[in-house]
Amino acid sequence: MQLSRTLTVILLTFLVAMWGVNWPLSKYALEFAPPLLFAGLRITIGGLILLLIALPRYRYLNLKHTWNIYLISGLLNIILFFGFQTFGLNMMPAGLFSTIVFMQPVLLGIGAWLWLGESMNGFKIVGLILGFIGVAVISMNDGSGNISTVGVLLGLASTITWTFGTIYMKKTSNKVDAIWLTTLQMIFGGIVLLIAGTTIENWTDIAWNQRFISTLSVIAIFCTALTWLVFFLLVRSGEAGKIGSFNFLVPLIAIVISVLFLGETITIKMVVGLILIIIGIALVNLKMKSLQKRGNMLKGDM
């Protein structure tokens, strides 16, 4: 399914905005709940919301022949990704941790080239590198020297599982329905995380106050259910590497929100990082029309 340019821009804007909001909100929510139970709650609620959208499309489920796709996707994109992410976020400052997690566009660009047959050129390579450097410059702005080795490893594990999960979803996109894939992997992954959380954590440690409930609701609906549905729709409709490159904007948005609502100040590092991110995205998405025309001319001479 191909999306129009206008709809793609709208969906991308929504995606990066909501994922940007997700980081400070999730960090805040972890003050009221243990990591696994919080992750399980947000994902299960998100999956049940998507189930309302998926049920009218029951004819596209085909669970008998595609159950393994839902299982593997849920393991990579939900259980491992959110499990590693939630524990790691609880150990490190959100800015520093998001830098590690958002190496994903770099790995995704390389993986899409190796396993999906997407194009790779010097502009894309430089763009991916500049985008990551921009994220690193901005996220290091908090100046915290408290870096957890375990937190770093969890961030890397989260990035790797997300990358392979996205590539796997792209490779199997013609075999399953995008809405059912997103819905079932969330319900399956959320239940597994809740069971794991119940085993090693205590439900009594959750502070069921208005602040936690409202924060959990926003995260589950907008930052989990709708964003993952939009992400998979975008990846299915276009090049995974190009879509992934816009994820570099997520840590930037998270920091801007902190500036606006938490009283943090704008620094030179933030401005430099923003410039690097914009240049990186532009290079990754450069169509290079002149090079294409030159290539076509060479083919015509052969």
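**Close-up views of a predicted model**

Phe81 is buried, its relative accessible area being 3%. The legends below describe a predicted model.

**View 1. Phe81 and Trp228 form one of the aromatic pairs.** The structure contains ten aromatic pairs. In this one, the ring centres of Phe81 and Trp228 are 5.7 Å apart and the planes stand at 65°, so the pair is edge-to-face. Phe81 belongs to helix 3 (residues 63-89) and Trp228 to helix 9 (residues 210-237), so that the pair links distant parts of the chain, 147 residues apart. Trp228 is buried as well, with a relative accessibility of 1%.

**View 2. Trp228 also pairs with Trp162.** Here the ring centres lie 6.2 Å apart and the planes meet at 55°, so the pair of Trp162 and Trp228 is tilted. Trp162 is in helix 7 (residues 149-171) and Trp228 in helix 9, so the pair ties together parts 66 residues apart in sequence. Trp162 has a relative accessible area of 2% and is buried.

**View 3. A cluster of five named rings includes both pairs shown above.** Trp19, Phe81, Phe82, Trp162 and Trp228 are joined into this cluster by ring pairs.

View 4. Helix 9 has 28 residues. From its first C-alpha to its last, helix 9 reaches 39 Å, close to the 40 Å expected at 1.5 Å a residue.

**View 5. Asp177 and Arg57 form a salt bridge.** Side chains of opposite charge can pair when their charged atoms come close. The count for this model is one salt bridge, and in the bridge between Asp177 and Arg57 the N to O distance is 2.4 Å. The pair links distant parts of the chain, 120 residues apart: Asp177 is in the loop between helix 7 and helix 8 (178-200), while Arg57 is in the loop between helix 2 (35-54) and helix 3. Asp177 is buried because its relative accessibility of 10% is under 20%. Arg57, at 28%, counts as partly exposed.

**View 6. Arg57 also lies over an aromatic ring.** The ring is that of Tyr60, and Arg57 lies over its face at 4.9 Å from the ring centre.

How values were computed
Residues numbered from 1 in each chain as written. Predicted model: local features only at pLDDT ≥ 70, side-chain atom pairs only at ≥ 80, totals over all residues. Heavy atoms only, no water. Phe/Tyr/Trp six-rings, centres within 6.5 Å; stacked < 30°, edge-to-face > 60°. Helix = DSSP H or I, 4+ residues; strand = E, 2+ residues; numbered from the N terminus. Buried < 20%, exposed > 50% of the residue type's maximum accessible area, 1.4 Å probe, protein only. Lys NZ or Arg CZ within 6 Å of the ring centre and 35° of its normal. Expected span 1.5 Å × (residues − 1). Salt bridge = Lys/Arg side-chain N within 4 Å of Asp/Glu carboxyl O.
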